Amino acid sequence: MNARRKSFATAGIWVLVTLGLATVAVAVLEEPVGVPNASAVYFVSVVACGLAAGTGAAILAAIGAFLIYNYFFTEPLDTFAISDSGVLLGVVLLLFVGIVVGQLAALSRTRAETALGREREARAL
């Protein structure tokens with residue numbers, strides 16, 4: 001498996017696992033606990049993907065969070081239709097903020113990698 005495919009597979013695994021965990025957490029928070037809108041839990045998934053696998057994974061996680069939350073937790077359930085304009089705004093903001101936060105997390109990861117590379121170069125001198 002070449003490096004590009006391995007990176008893509010790693011990103012996909014991060015996205016699937018973190019979105020799955022976030023979805024379970026949202027289901028627990030909204031149903032038994034009674035939190036009216038626990039969609040912010042998905043930001044943890046987006047940030048984790050951005051830090052671990054980069055911008056592409058973070059954007060994919062944000063889009064996935066948008067679709068999952070819309071399908072499973074907004075009325076009418078089990079469809080991608082949204083009947084309430086307030087919920088529509090919330091879901092679109094989830095997507096937008098998720099993409100921005102994911103890109104910032106990925107940028108932080110890239111800067112940390114660059115700093116480590118420069119530190120190694122400086123030590124080699």
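This briefing walks through the main features of one protein chain. The model is predicted. The chain has four helices and zero strands. Its elements run α-α-α-α from the N terminus on. Buried residues make up 27% of the 125 residues.

**Overall layout**

- The C-alpha trace spans about 60 × 30 × 25 Å along its principal axes.
- Helix 2 covers residues 42-53.
- Helix 3 covers residues 55-73, and helix 4 covers residues 85-124.

**How helix 2 and helix 3 pack**

- The axes of helix 2 and helix 3 come within 7 Å.
- These two axes cross at roughly 160°.
- An angle over 145 degrees counts as roughly antiparallel, so helix 2 and helix 3 are roughly antiparallel to each other.
- The crossing of helix 2 and helix 3 is right-handed.

- Most peptide bonds are trans, and most residues other than glycine have a negative phi.
- The peptide bond from E75 to P76 is cis. Its omega is near -10°.
- P76 sits in the loop between helix 3 and helix 4.
- D78 lies in the loop between helix 3 and helix 4 as well.
- D78 has a positive phi of about 60°, although it is not a glycine.
- Is D78 buried, partly exposed or exposed? D78 has a relative accessible area of 49% and is partly exposed. The cut-off for exposed is over 50%, so at 49% D78 stays in the partly exposed class.

- Side chains of opposite charge can pair when their charged atoms come close.
- How many salt bridges does the structure hold? The structure holds two.
- E113 and R109 are four residues apart in helix 4, so about one helical turn separates them.
- E113 is partly exposed, at 44% relative accessibility. R109 is partly exposed too, at 27%.
- Another salt bridge joins the side chains of E119 and R123. The N to O distance here is 2.7 Å.
- Which spacing do E119 and R123 have in helix 4? They are four residues apart, which means about one helical turn lies between them.
- E119 is partly exposed, at 35% relative accessibility. R123 is exposed, with a relative accessible area of 67%.

**A nonpolar surface patch**

- Which residues form the nonpolar patch on the surface? They are L89, L93, F96, V97, V100, L104 and L107.
- Together these residues have about 620 Å² of accessible area.
- V100 is one of the patch residues, and V100 lies in helix 4.
- V100 has a relative accessible area of 33%. A patch residue needs over 30%, so V100 at 33% passes that cut-off. V100 counts as partly exposed.

**To take away**

- The chain is built from four helices, with zero strands.
- The loop between helix 3 and helix 4 holds P76 and D78.

Methods
Residues numbered from 1 in each chain as written. Predicted model: local features only at pLDDT ≥ 70, side-chain atom pairs only at ≥ 80, totals over all residues. Heavy atoms only, no water. Buried < 20%, exposed > 50% of the residue type's maximum accessible area, 1.4 Å probe, protein only. Salt bridge = Lys/Arg side-chain N within 4 Å of Asp/Glu carboxyl O. Patch = residues over 30% accessible without salt bridge, like charges linked within 9 Å, V, L, I, M, F, W, Y side chains within 5 Å. Areas by Shrake-Rupley, 256 points an atom, 1.4 Å probe, with all protein chains shown as cover. Axes fitted to C-alpha atoms, helices over the stretch in contact; angles between N-to-C directions. Parallel < 35°, antiparallel > 145°, perpendicular 65-115°, else oblique. Left-handed = near helix turned anticlockwise from the far one by under 90°.
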